[in-house]
Amino acid sequence: MERWSQRTFHVEHWWEMLAEGQIDLYAGNAVEALRKVKERWTSLDDSLLLRVQLTNLEALHLRGRCSLAASGGSRGEAKALLHATEKDASGIEREKMPWSTPLATLLRAGIAARRDDLESSAALLKAAAQGLDEAHMQLYATAARHRLGHLLGGAEGHALEGDADRWLALQGVQNTTRMLAVLAPGFD
C-alpha cells in the first residue's frame with residue numbers, strides 16, 4: 001500500500017478503506033473505524049467511485065455499520081450517530097436492489113435495538129433475514145437470525161442462535177461474537 005499513489009484516491013484505496021473498516025469493527029475498534037471512514041470519505045467522493053452503484057452501496061453500508069457500532073458511547077453522541085446510520089440506511093434503500101434493501105433493514109434493526117425498541121428490532125431482523133436469504137447472502141442472513149435469537153431468548157431464541165453458531169462454524173468462523181460485530185452491530 002505504501003507504493004500506491006498518495007496524490008489521488010483510486011480503487012485500491014477504496015478496497016483498503018473497506019478492509020480496514022471491517023478489520024477495526026472485528027477488533028472492537030468501532031470509534032477508530034468510523035474516524036478512518038469519515039477521514040477518507042471526501043477523497044472517496046472526489047474520486048467519483050461513489051457513482052458506481054456497488055461502491056456507493058458498500059460505502060454507505062460500511063459507514064452505517066461503523067456509526068452504529070460506535071453509537072454505544074455517550075447518549076448525546078449516540079443520538080447523532082444513530083441519526084447518521086438512519087441516513088445511510090435511507091441512502092441504501094433508495095437504490096431498491098434486492099440485496100441492498102435487506103442490508104438497510106439490518107442496520108435499522110440495530111438502530112431499534114440501540115433505542116431499546118426490541119419488538120421493532122425483532123421484526124426488522126426477521127425481515128432482514130428473509131430478504132438476505134432471498135438475495136443469497138447467507139452470512140448476513142445468519143447474522144440476522146443469530147441476533148434475533150439473542151433478542152427472543154427462550155427455546156426459540158436458543159435454537160436460532162445454535163443453528164447460526166453451527167452454520168458459522170462450518171464456514172470456518174472462529175469468533176462468532178467478533179464476526180457479528182462486523183456484520184450486524186448495535187446489539188452489544
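Visitor: Before we look at the helix pair, what do the axes and angles refer to?
Guide: Axes are lines fitted to C-alpha atoms, for helices over the stretch in contact, and the angles run from 0 to 180 degrees between N-to-C directions. Keep in mind that this is a predicted model.

Visitor: Okay, so at what angle do α7 and α8 pack, and how far apart are their axes?
Guide: Here the angle is about 150 degrees, and the axes of α7 and α8 (residues 154–170) sit 7 Å apart.

Visitor: Is that roughly parallel or roughly antiparallel?
Guide: The cut-off for roughly antiparallel is over 145 degrees, so α7 is roughly antiparallel to α8. As for handedness, the α7 and α8 crossing is left-handed.

Visitor: Which residues of α7 and α8 meet?
Guide: From α7, the list includes L139, R145, L148 and L152; among their counterparts in α8 are E156, L160, A164 and W167. By class, the residues of this contact split into seven nonpolar, seven polar and four charged.

Visitor: Is H136 buried or exposed?
Guide: Exposed means over 50% relative accessible area, and H136 has 73%, so it counts as exposed.

Visitor: And where does K96 lie?
Guide: In the loop between α4 (75–94) and α5 (100–114). K96 isn't a glycine either, yet its phi is positive, at about 50 degrees. With a relative accessible area of 66%, K96 is exposed.

Note on methods. Residues numbered from 1 in each chain as written. Predicted model: local features only at pLDDT ≥ 70, side-chain atom pairs only at ≥ 80, totals over all residues. Heavy atoms only, no water. Helix = DSSP H or I, 4+ residues; strand = E, 2+ residues; numbered from the N terminus. Buried < 20%, exposed > 50% of the residue type's maximum accessible area, 1.4 Å probe, protein only. Parallel < 35°, antiparallel > 145°, perpendicular 65-115°, else oblique. Left-handed = near helix turned anticlockwise from the far one by under 90°. Contact = heavy atoms within 4.5 Å. Nonpolar A, V, L, I, M, F, W, Y, C, P; charged D, E, K, R; others polar.
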